[in-house]
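Subject: Structure handover

Hello,

Here is the structure, for you to open alongside this note. My notes follow below it.

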Amino acid sequence: MPERLGYAFFRKDVLEVAPALLGKTLVCCRSNGETVRRMITETEAYRGEEDLGCHASKGKTMRNKIMYESGGFVYVYLVYGMYWMLNFVTGKSNHPQAVLIRGISGFDGPGKLTRHLDISRDFYGENLVEGNRIWVEKSAVKVSFITTPRIGIDYAGDYWKNVPWRFVLKQE
């Protein structure tokens, strides 16, 4: 049986965790009882209150408070009133960071993948290490990737929208 990623993996800096998630297996138990396993193919890093693209840039709120926990938890939020975004909290407590899962095998786009996995608000705060609804497994896949600017954060200004913190698995 594949080994789950532990707290030590998630409690590193987001700029280390985001690319390291590529090629790993995301496991999710859907509402119908089916367990789905998909390779993570695209991630995006959001790093602290100084990052104007990050939800923590305006401080701690009811929406983002899970980001202030130690790494290893799920942060989900709704965009456009219809798409849930799946994020994994990383780093140390009180240093808000998260990785947006932008793509999995067969599903490009964060809204498409959460619909496929039946992820909604009730996943907020799920424990990725000890929980039984969602987790990440190690993989022996050799990974190479490219970096690009993050997507959809024009509001953050030129510097923050252009940092190369989007990580995309290269198709071999």
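Which residue in β9 is the bridge partner of Thr 43? It is Phe 167. Strands here are DSSP runs of E with at least two residues, helices are runs of H or I with at least four, and both are numbered from the N terminus.

Before the rest, the ground rules. This is a predicted model, in which local features need pLDDT of at least 70 and side-chain atom pairs count only at pLDDT 80 or more, while totals for chains, interfaces and linings use all residues. Residues are numbered from 1 along each chain as its sequence is written, and side-chain values use heavy atoms, with hydrogens and water left out.

**Strand β9 and its partners**

β9 pairs with β2 in the antiparallel sense, over three bridges. Two strands count as paired if DSSP finds at least two bridges between them. β8 (residues 145-148) also runs antiparallel to β9, joined by four bridges. There, Thr 147 stands opposite Phe 167.

In a regular strand, side chains alternate between the two faces of the sheet. In β9, Arg 166 and Val 168 point one way, and Phe 167 and Leu 169 the other. All are buried, meaning under 20% relative accessible area; exposed is over 50% and partly exposed lies in between (1.4 Å probe, protein chains only).

**Arg 166**

Arg 166 lies in β9, which spans residues 166-169. Arg 166 counts as buried because its relative accessible area is 17%. Its side chain makes a polar contact of 2.6 Å with the side chain of Glu 42. Another, at 2.9 Å, goes to the side chain of Thr 148. A polar contact is a pair of N or O atoms within 3.5 Å; within protein, one must be able to donate a hydrogen and the other to accept it, and residues adjacent in sequence count only if both atoms are side-chain atoms.

Leaving aside neighbours within four places in sequence, Arg 166 is in contact with residues including Thr 43, Arg 102, Pro 149 and Arg 150. Contact means heavy atoms within 4.5 Å.

**The loop between β8 and α4**

Arg 150 sits in this loop. Arg 150 counts as buried because its relative accessible area is 5%. Its side chain makes a polar contact of 2.7 Å with the side chain of Asp 51. A polar atom of the Arg 150 side chain also lies 2.8 Å from the backbone oxygen of Trp 160. Beyond four places in sequence, the contacts of Arg 150 include Tyr 46, Gly 53, Trp 165 and Arg 166.

Pro 149 is in this loop too, and α4 covers residues 158-162. Pro 149 counts as partly exposed because its relative accessible area is 35%. Its contacts beyond four places in sequence are Lys 161, Asn 162, Val 163, Pro 164 and Arg 166. Pro 149 and Phe 167 are 18 residues apart along the chain, with 8.9 Å between their C-alpha atoms.

Asp 158 is in helix α4. Asp 158 counts as exposed because its relative accessibility is 57%. Asp 158 and Val 143 are 15 residues apart in sequence and 30 Å apart in space, C-alpha to C-alpha.

α3 is mostly covered, with six of its eight residues buried. Among the buried ones are Leu 113, His 116 and Leu 117. The buried residues pack against β1 (25-29), β2, β4, β5 and β6 (107-108). Just after α3, Asp 118 takes a positive phi of about 60°.

β7 (residues 134-137) is covered on both faces. Ile 134 and Val 136 are buried on one side, Trp 135 and Glu 137 on the other. β7 pairs with β1 in the antiparallel sense over four bridges. Cys 28 has Ile 134 as its bridge partner in β7.

**The largest pocket**

Its volume is about 500 Å³. A pocket is an open set of points on a 1 Å grid over the protein atoms alone, where a 1.4 Å probe fits, with protein on both sides within 12 Å along at least five of seven lines; lining residues have an atom within 4 Å of a point. Grid points are joined across faces, edges and corners, and the volume is the space filled by probe spheres set on the points.

The lining has 24 residues, and Tyr 77, Val 79, Met 85, Ile 151 and Gly 152 lie nearest the centre. β2 (35-47), β3 (74-79), β4 (83-90), β5 (97-104) and α3 (110-117) each supply at least two lining residues. By class, 15 are nonpolar, six polar and three charged. Nonpolar covers Ala, Val, Leu, Ile, Met, Phe, Trp, Tyr, Cys and Pro; charged covers Asp, Glu, Lys and Arg; the others, Gly among them, are polar.

Best wishes
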